[in-house]
Amino acid sequence: MKKNNFKYKIKNIKLFGNHGLYKEEIDVGQNFYISLYYSSYCLDIGQDDIEDNIDYVDVIDRVTSLFNSKRYNLLETLAYDLYIGLIKEFNFNHLQVSIKKKSPMVENSVKYISVTYPNE
């Protein structure tokens with residue numbers, strides 16, 4: 001049976017959390033936007049059956065669960081934990097996790113800050 005390799009992008013999963021290093025981030029919270037870039041094999045594309053693929057709804061649900069499992073000081077740690085948690089659960093050929101926050105606690109006018117793991 002032929003393996004069909006597909007690339008996926010799930011962009012800007014919007015989740016609210018109290019992650020951050022600064023008191024206001026912790027007390028008030030903010031929206032985070034998580035994007036995933038992954039590839040996986042779909043074994044029998046002709047059957048048109050989700051059982052032959054990774055359901056992106058399950059992926060989004062797992063991201064939400066991991067995001068809410070604890071409070072993080074650093075975006076880097078959150079991105080790493082999301083990556084590890086998703087790799088353990090799903091049969092990805094490749095995965096990259098990006099997290100963006102649009103309201104960083106900085107003096108200058110910044111549109112957003114983001115981190116990506118791994119940086120390939």
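Me: Leaving aside its neighbours within four places in sequence, which residues is Q96 in contact with?
Reply: This is a predicted model, where local features need pLDDT of at least 70, side-chain atom pairs count only at pLDDT 80 or more, and totals for chains, interfaces and linings use all residues. Residues are numbered from 1 along each chain as its sequence is written, and side-chain values use heavy atoms, with hydrogens and water left out. Contact means heavy atoms within 4.5 Å. Once those sequence neighbours are set aside, the partners of Q96 are S35, L36, Y37, T116, Y117, P118, N119 and E120.

Me: Is Q96 buried or exposed?
Reply: Q96 is found in strand β3, residues 94-101; helices (H or I, at least four residues) and strands (E, at least two) are DSSP runs, numbered from the N terminus. Buried means under 20% relative accessible area, exposed over 50%, and partly exposed in between, with a 1.4 Å probe and protein chains only. Q96 has 16% relative accessibility, so it counts as buried.

Me: Which backbone oxygen does the side chain of Q96 reach?
Reply: A polar contact is a pair of N or O atoms within 3.5 Å; within protein, one must be able to donate a hydrogen and the other to accept it, and residues adjacent in sequence count only if both atoms are side-chain atoms. For Q96, the distance is 2.8 Å, and the backbone oxygen is that of P118.

Me: How far apart are the end C-alpha atoms of helix α2?
Reply: The expected span of a helix is 1.5 Å times one less than its number of residues. Helix α2 has twelve residues (56-67), so it should span 16 Å. The model agrees, with the end C-alpha atoms apart by 16 Å.

Me: How many aromatic pairs does the structure hold?
Reply: Rings of Phe, Tyr and Trp (its six-membered ring) pair if their centres lie within 6.5 Å; planes under 30 degrees apart count as stacked, over 60 as edge-to-face and the rest as tilted. With that rule, the aromatic pairs number seven.

Me: What kind of pair do Y80 and Y117 form, and how many residues apart in sequence are the parts it ties together?
Reply: Their ring centres are 5.3 Å apart and their planes sit at 75°, so the pair is edge-to-face. Y80 lies in helix α3 and Y117 in strand β4 (residues 113-117), so the pair links parts whose separation in sequence is 37 residues.

Me: Which residues form one aromatic cluster?
Reply: Take F90 and F92: their pair is tilted, at 5.6 Å centre to centre with 35° between the planes. Both F90 and F92 are buried. The cluster consists of F6, Y8, Y38, F90 and F92.
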